[in-house]
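Reader: Please pick one part of this model and go through it closely. I want contacts, distances and secondary structure in one connected account.

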Number of protein chains: 2
Amino acid sequence: MLHDVFALPSGKTLDICLSIQTAILEHKLAPGLKLSEDEVGEIYGVSRTVVRAALQALAHSSLVTIRKNRGAFVAKPTMREAHEVFQARALIEPAVARLAADAITPADLDLLKAHLAAEHAALDSGDMSKALVLSGGFHTAIADIADHRVFTGMVRSLISRSSLIIALYSKRSDTACESHSHGALMDAFADNDAVAAEEIQKSHIIDLHSGLDLREKESDPKSLSQALGLAV
Amino acid sequence: MLHDVFALPSGKTLDICLSIQTAILEHKLAPGLKLSEDEVGEIYGVSRTVVRAALQALAHSSLVTIRKNRGAFVAKPTMREAHEVFQARALIEPAVARLAADAITPADLDLLKAHLAAEHAALDSGDMSKALVLSGGFHTAIADIADHRVFTGMVRSLISRSSLIIALYSKRSDTACESHSHGALMDAFADNDAVAAEEIQKSHIIDLHSGLDLREKESDPKSLSQALGLAV
DNA sequence: CAATTCCAATATGTATACAATTTTTAATCA
DNA sequence: TGATTAAAAATTGTATACATATTGGAATTG
């Protein structure tokens with residue numbers, strides 16, 4: 001479901017990529033967390049060689065940041081990056097939705113419906129991280145239907161980064177993706193209404209964007225004095 | 001000038017990335033050419049470890065294709081991929097041009113003028129591969145001016161891939177980038193006319209797209225060490 | 001002679017060992 | 001005590017060795 005962001009690395013490497021990616025997307029690995037090569041290798045039972053390849057692949061999809069001689073960390077997008085990612089989504093995803101509306105088949109529609117149902121179920125059961133992943137999956141599913149590899153790659157990457165951004169900057173956990181917009185999109189798709197799909201998707205992305213909290217979050221204090229933060 | 005497509009790998013790795021990328025962009029390495037790890041390592045005097053990292057990075061930017069247990073090859077975009085890349089460019093680059101027109105400074109303008117002059121000089125001297133690289137550089141320079149990292153990354157990647165596509169599918173070598181469009185863009189930038197810049201850029205990309213030839217091309221890869229030897 | 005099978009040669013996948021860098025800890029001195 | 005410095009520990013960068021998979025060709029067979 002969420003492959004191919006990477007340029008298909010060798011078997012073991014890909015497994016580790018997907019595993020770490022999933023963990024990041026489910027917010028099980030917090031932004032900024034150090035991903036030590038030895039530690040990761042120990043966990044998966046492989047050598048550092050494989051781990052390095054996986055971490056590099058994740059770095060290319062902007063989920064991990066690698067600092068020279070210092071190691072890999074779960075990416076921690078800045079506010080600026082957050083805005084840029086959603087600006088890019090606001091440009092690209094409406095165009096993709098338009099393509100999808102023209103190309104969609106009844107089978108695709110059923111798949112989207114199932115997706116939406118799973119999303120609702122997760123929301124109802126209060127499993128927010130799962131709901132968030134599914135919400136992103138809805139967007140990538142649309143890209144898959146559009147069947148445009150270049151756009152799909154871009155959308156997948158942007159969705160991944162959005163997950164990280166939402167972890168850091170969402171006002172409330174529920175802001176993830178109000179299913180209302182997704183439902184409206186479904187209707188447009190059912191009618192093969194490309195113009196409506198494009199319009200709805202654009203509004204939806206803009207809503208998501210404005211649902212972000214503009215205040216800079218406190219980055220983990222570097223020094224102790226800053227942590228105590230009294231004498232400024 | 002053409003960095004940052006990669007997630008900044010370690011020193012040696014980056015050198016090799018840039019060297020191979022340059023060679024590919026200058027059409028010194030033909031699409032489909034095998035990039036043997038031993039051979040590349042021999043040429044640059046490094047171990048396969050470093051070469052693998054470089055090749056993986058290049059694979060992530062779609063300049064190289066890695067086939068499991070089979071090795072790395074200079075990417076050979078399909079006709080479909082060619083169309084998709086230019087469709088993506090037609091969507092993204094006009095938006096970027098619009099941003100650039102709003103943000104451009106006199107210093108930026110001078111830089112673009114110099115770029116354009118160099119492009120003309122290369123064309124006049126008949127150095128087509130250089131002209132092609134400079135032509136791509138003009139587009140990435142615009143992205144840099146727009147100062148939007150996410151879009152810039154996308155544009156860089158698309159421009160790189162376009163170079164490969166042009167190597168395979170351009171009708172004639174001169175089709176690369178008629179400087180006329182670039183000149184018209186310059187005027188719009190000079191006037192800070194964002195709407196015009198967007199419009200001109202869109203037309204320009206569409207022209208480039210329709211300048212592609214639909215026939216599959218044949219190519220005979222030259223010796224690897226010979227091609228790279230010149231680039232180093 | 002063509003097709004097939006098997007083995008050798010070659011290349012990539014992975015693990016491990018060593019080198020270089022950074023971070024931590026301890027010790028020294030003002 | 002606090003700051004500075006130096007040694008030690010830990011981590012990443014790189015090279016090499018071994019394991020595994022692919023490729024090419026010789027020998028065999030029909």
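Author: Start with a definition: two strands count as paired if DSSP finds at least two bridges between them. The model here is predicted. In chain B, strand 1 and strand 3 (residues 71–74) are joined by 2 bridges and run antiparallel.

In general, strands of a sheet pair through backbone hydrogen bonds, either parallel or antiparallel.

An N or O atom in the side chain of B:Lys34 is 3.5 Å from a sugar or linking oxygen of DNA strand C. B:Glu37 takes part through its backbone: one of its polar backbone atoms is 3.4 Å from a phosphate oxygen of DNA strand C. Chain A reaches a base. There, an N or O atom in the side chain of A:Thr49 is 2.8 Å from a base nitrogen of DNA strand C.

Which elements give two or more residues to the surface near DNA strand C? They are helix 3 (48–60) of chain A, and helix 2 (37–44) and helix 3 (48–60) of chain B. Helix 3 of chain A gives the largest share, 3 residues.

Of the atoms of DNA strand C within 4 Å of the protein, 67% belong to sugar and phosphate. The surface near DNA strand C has 9 charged, 7 polar and 2 nonpolar residues.

How do the two chains relate? Chain A superposes on chain B by a rotation of 180° with 0.0 Å of shift along the axis, at an RMSD of 0.1 Å. The two copies are thus related as by a two-fold rotation axis. Both copies use the same surface, as 100% of the contact residues of chain A recur in chain B.

One last stop is in chain A. A:Ser162 sits in helix 7 (residues 149–169) of chain A. Is A:Ser162 buried or exposed? A:Ser162 counts as buried because its relative accessible area is 2%, and the cut-off is under 20%. Beyond its neighbours within four places in sequence, A:Ser162 contacts A:Val85, A:Phe86 and A:Arg89.

Conventions: Residues numbered from 1 in each chain as written. Chains lettered and ligands numbered in written order. Predicted model: local features only at pLDDT ≥ 70, side-chain atom pairs only at ≥ 80, totals over all residues. Heavy atoms only, no water. Least-squares fit on C-alpha atoms with pLDDT ≥ 70 in both. Contact = heavy atoms within 4.5 Å. Near = heavy atom within 4 Å. Polar contact = N/O pair within 3.5 Å; in protein donor to acceptor, adjacent residues only side chain to side chain. Helix = DSSP H or I, 4+ residues; strand = E, 2+ residues; numbered from the N terminus. Nonpolar A, V, L, I, M, F, W, Y, C, P; charged D, E, K, R; others polar. Buried < 20%, exposed > 50% of the residue type's maximum accessible area, 1.4 Å probe, protein only.
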